[in-house]
Amino acid sequence: MPTRADILARAAALRDRFERAGAVPVETPVLQPAETLLDLYGEDIRARAYLTSDALRGEQVLRPDFTVPVVQMHMAQGAEPARYTYSGEVFRRQEHDPDRANEYIQVGYEVFDRTDPAGADAEVFALFAEVLAPLNLRAATGDIGILMAAVRGLSTTEARRAALMRHIWRPRRFRALLDRFSGKTPPPPSRTALLAAAEPFAGTSPEIGMRSRDEVEQRIAALRADAEAPALDGQELSALAALLKVRETAPYALEQLRDIAVDLPSITPALDRLQARIDALAAHGIDVEQLDFEANYGRTSMEYYDGFVFGFYAERMPNQPPVATGGRYDALTRHLGRNAEIPAVGGVLRPGLMLELEAMA
Amino acid sequence: MTLKLGVPSKGRLMEKTFSWFEKRGVTLTRTGSDREYAGAVDGVQGVALVLLSAGEVPRELAAGRIHLGVTGTDLVHEKLPLWNSQVQEIAPLGFGHADLILAVPQFWVDVDTLDDLDAAASAFRAHHGFRLRIATKYHRLVREFLREAGVADYALVDSQGATEGTVKNETAEMIADITSTGETLRANHLKLLADGLILKSQATLWRSRVAPYPEEDQKALSILLEKIGAS
């Protein structure tokens, strides 16, 4: 196992490389207010991060990553375009796998630039590919933005599109919603009975709690409207299913997605962005002919990526998390900036895993 | 060395545990004064009785400070994330039955399934500006269950007692709690979700997988297990 001193030295070297690429080194406190993360991820964050509290500041979290504080710092004081680098400990609660580290050093690189998103995506990926090149890792890429564009373009009710968007990062729930909206899963009997009832509240006990009878009635009205909405279009559904299965080298993936766009024309602008990114990656010296692209990649992690996503994996260490991950998170900046969006892309590396891999070789 | 058997120190759970062992030829008794938590085991050589709170039994088993312990499935699953590798289930004892369930106000006629709950939570958050609150003391079990089910936009608020009353008091919108008959739920105008059963629990005898078992403890363990018909 590499020593802490080795890991810190490697982290410093990586940060130096990122500074030479134009990044400003930044620091963030280890203790972060928990509210922002709870707001973004809900209770799940408690299973993945260490929360603590005091009577004065309320709930605090040991930073599970740097992205959120760096975005907040940039929004408060940064000028554009901006590039940042950082390194330090992050803390991840582990409840299932005692072999996974609950504290490790991360080094990151983030780009805030609204002029050339494809160029910024390619810049980050190429920089990571360069510093990881000696390790012979497998790179995976994807683009959550294509799936989001497909959902936004479905010819169904706005309520259904919103429900699908809300669960885009929960693939199983997403699937269940599609089955419900397409009529593949019939509505539960209790719902059918509720909608058929002339007096839905007959025989129930008094109203208690903060969720009011009005809210219950509003949901019944929403269920009624949903029951009247036609099933999802079969052609769009099979196009969506085909989209989720695309797993190819980047240029072939784009070709398949162009075919799918015949039935899902809403994804065309996202595909144009993919095209621009592939060109920009090639211009940065990446062999795009050999680069894997999976349309479904990046959907199960809790991250906030909503466009380009990537990860670098060591096939010699199949049980370990990826050595590096990253992606585009425009929606996070919109959320944290109260609708003031700053397009942003970045990624993180684990110098400890890099050293372990080098020792194995 | 002695083989240590941990048993709840109070109330019906203790009495029923004593009589369960008694029926199998192992007599557990409290010794000393009523207030002293000391006990004895007759019928098997080399076994010591440790009286402690049911809530502490999982921790003591996982630390290997006791070899055997009686407590509910709910407490083991809540407190030991890797319970399967830390403890072994020797025998369910057939009492202390309780289900960990999700319950919502009865007048929520629009909420019968987890699917409904997820949609209601989303609308609630949009309407009130905070996440739908679920009062419970079983944080880990509830969170994992809801994550598996893909329910979002809820918050767990801690409630160590009188949980059924939190909805009326407006400190939570719904609850996740242990129930045996559902009587208290009905009295508090709450109903079960159709697919909201998180765990079926009962008093169970567990063996620590991490405690040391020198030869004499091994022997005492196999004699005890044979007596209670669990060898």
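Colleague: Which residues does B:Arg131 touch, not counting those up to four places away in sequence?

Modeller: B:Arg131 touches A:Gly42, B:Arg125, B:Asp153, B:Tyr154 and B:Ala155. Two residues are in contact if their C-beta atoms, placed from the backbone, lie within 7 Å. This is a predicted model, in which local features need pLDDT of at least 70, side-chain atom pairs count only at pLDDT 80 or more, and totals for chains, interfaces and linings use all residues. Residues are numbered from 1 along each chain as its sequence is written, and chains are lettered from A and ligands numbered from 1 in the order in which they are written.

Colleague: Is B:Arg131 buried or exposed?

Modeller: B:Arg131 counts as buried because it has 20 C-beta neighbours inside 10 Å. A residue is buried if 20 or more other C-beta atoms lie within 10 Å of its own, exposed if 12 or fewer, and partly exposed in between, with C-beta atoms placed from the backbone.

Colleague: And where does B:Arg131 lie in chain B?

Modeller: B:Arg131 lies in the loop between α5 (114-128) and β8 (132-136) of chain B. Helices (H or I, at least four residues) and strands (E, at least two) are DSSP runs, numbered from the N terminus.

Colleague: What is the order of the strands in the open sheet of chain B?

Modeller: The five strands follow the order β9-β8-β10-β7-β11, with mixed pairing. Two strands pair if DSSP finds at least two bridges between them.

Colleague: Which strands stand at the edges?

Modeller: The edge strands are β9 (154-158) and β11 (190-201) of chain B; each has a single partner strand, so one side of each is left without a neighbour in the sheet.

Colleague: How many bridges join β7 to β11 of chain B?

Modeller: Strand β7 (residues 98-105) of chain B is joined to β11(B) by seven bridges, and the two run antiparallel. In this chain, B:Val104 stands opposite B:Lys191 in β11(B).

Colleague: Changing topic, how is chain B divided into domains?

Modeller: Domain 1 covers 3-96 + 202-227 and domain 2 covers 98-201; the bounds come from an automatic or database domain assignment. Taken over C-alpha atoms, the centres of these two domains of chain B are separated by 32 Å. Their contact takes eight residues from domain 1 and eight residues from domain 2.

Colleague: Which element gives the largest share of the domain 1 side?

Modeller: Helix α3 (residues 73-79) of chain B does, with four residues.

Colleague: What about chain B overall?

Modeller: Chain B has eight helices and twelve strands. Its C-alpha trace spans about 65 × 35 × 25 Å along its principal axes. Of its 231 residues, 45% count as buried.

Colleague: Which residues touch the most other members of the largest nonpolar core?

Modeller: They are A:Ile146, A:Ala150, A:Leu243, A:Leu257 and A:Ile267, in a core of 86 residues. A nonpolar core is a set of buried Ala, Val, Leu, Ile, Met, Phe, Trp, Tyr and Cys residues joined through C-beta atoms within 7 Å. Helix α5 (residues 117-132) of chain A gives the most to this core, with eight residues. Another core, of 36 residues, lies apart from it, and includes B:Leu100, B:Val151, B:Tyr154 and B:Leu190.
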